[in-house]
Amino acid sequence: MTQKLRQKIKPYVSFDPKIRNGQACFIGTRVLVSYVLKHLSLGWSTEDIKKLFPEINLSDLSKLINILSEELENNDEEKIKTTWLSYT
């Protein structure tokens with residue numbers, strides 16, 4: 001993940017080595033970003049996500065998705081692979 005992307009998502013995502021071995025989690029939670037994104041890709045609604053993880057701020061989730069979407073649009077294929085592999 002690029003330093004620029006890390007700075008953009010910093011308000012929404014933490015990489016604390018003490019929480020989930022440093023995997024990307026929503027700020028203030030132990031909820032993995034990759035887990036939520038996978039469920040969204042499987043057709044879960046944001047309402048479903050909120051029921052399962054009430055601690056997630058849906059506005060933050062929306063902002064994070066927009067940031068990641070912009071990153072995908074603005075980068076070449078290799079950078080995209082690197083970015084997404086860092087979430088898994």
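Q: Contact means heavy atoms within 4.5 Å; by that criterion, which residues does Arg-20 touch, not counting residues up to four places away in sequence?
A: In this predicted model, Arg-20 touches Cys-25, Arg-30 and Leu-32, with residues up to four places away in sequence left out of the count. Arg-20 and Leu-32 are 12 residues apart along the chain, and 8.0 Å separates their C-alpha atoms.

Q: Why is Arg-20 called partly exposed?
A: The relative accessibility of Arg-20 is 36%. Buried requires a value under 20% and exposed a value over 50%, so Arg-20 counts as partly exposed. Arg-20 is found in the loop between β1 and β2 (25-26).

Q: How do you know whether Asn-21 is buried or exposed?
A: Asn-21 has a relative accessibility of 71%. The cut-off for exposed is over 50%, and Asn-21 therefore counts as exposed. Asn-21 lies in the loop between β1 and β2.

Q: Why is Ser-14 called buried?
A: The relative accessible area of Ser-14 is 18%. Ser-14 belongs to strand β1 (residues 13-14). Its contacts, not counting residues up to four places away in sequence, are Gln-23, Ala-24, Cys-25, Phe-26 and Ile-27.

Q: What makes Leu-5 a buried residue?
A: Leu-5 has a relative accessible area of 0%, and the limit for buried is under 20%; Leu-5 is therefore buried. Leu-5 lies in helix α1. Between Leu-5 and Ile-67 there are 8.2 Å from C-alpha to C-alpha, against 62 residues in sequence.

Q: How do you know that Lys-8 is partly exposed?
A: At 35% relative accessibility, Lys-8 falls between the limits of 20% and 50%, so Lys-8 counts as partly exposed. Lys-8 is placed in helix α1 (residues 3-9). Not counting residues up to four places away in sequence, Lys-8 touches Ile-67 and Glu-71. Lys-8 and Leu-64 are 56 residues apart in sequence, and their C-alpha atoms are 8.7 Å apart in space.

Q: Why are α2 and α4 called roughly perpendicular?
A: Two packed helices are described by the angle between their axes and the distance between the axes. The axes of α2 and helix α4 (residues 58-74) come within 12 Å and cross at roughly 85°. Angles of 65 to 115 degrees count as roughly perpendicular, and α2 and α4 are therefore described in that way. The contact is made by Val-33, Val-36, Leu-37 and Leu-40 of α2 and by Leu-61, Leu-64, Ile-65 and Leu-68 of α4.

Q: What makes residues of α2 count as buried, and which are they?
A: The criterion is a relative accessible area under 20%. In α2, the buried residues are Val-33, Ser-34, Val-36, Leu-37 and His-39. Just after α2, Gly-43 takes a positive phi of about 105°.

Q: Why is Leu-42 called exposed?
A: Leu-42 has a relative accessibility of 67%, and exposed means over 50%; Leu-42 therefore counts as exposed. Leu-42 lies in the loop between α2 (33-41) and α3 (46-52).

Q: What makes the surface group that includes Leu-42 a nonpolar patch?
A: A nonpolar patch joins nonpolar side chains within 5 Å, from residues with over 30% relative accessible area. Leu-42, at 67%, passes that threshold. The patch consists of Tyr-35, Leu-42, Trp-44 and Leu-52, which together have about 400 Å² of accessible area.

Q: How do the elements of the chain run from the N terminus on?
A: The order is α-β-β-α-α-α-α, with five helices and two strands in the chain.

Q: What share of the chain counts as buried?
A: With buried set at under 20% relative accessible area, 31% of the 88 residues qualify. The chain exposes about 5,700 Å², of which carbon and sulfur atoms supply 53%. Among contacts in the chain with a separation of 6 or more, 36% are between residues 24 or more positions apart.

Methods
Residues numbered from 1 in each chain as written. Predicted model: local features only at pLDDT ≥ 70, side-chain atom pairs only at ≥ 80, totals over all residues. Heavy atoms only, no water. Patch = residues over 30% accessible without salt bridge, like charges linked within 9 Å, V, L, I, M, F, W, Y side chains within 5 Å. Areas by Shrake-Rupley, 256 points an atom, 1.4 Å probe, with all protein chains shown as cover. Salt bridge = Lys/Arg side-chain N within 4 Å of Asp/Glu carboxyl O. Helix = DSSP H or I, 4+ residues; strand = E, 2+ residues; numbered from the N terminus. Buried < 20%, exposed > 50% of the residue type's maximum accessible area, 1.4 Å probe, protein only. Axes fitted to C-alpha atoms, helices over the stretch in contact; angles between N-to-C directions. Parallel < 35°, antiparallel > 145°, perpendicular 65-115°, else oblique. Contact = heavy atoms within 4.5 Å.
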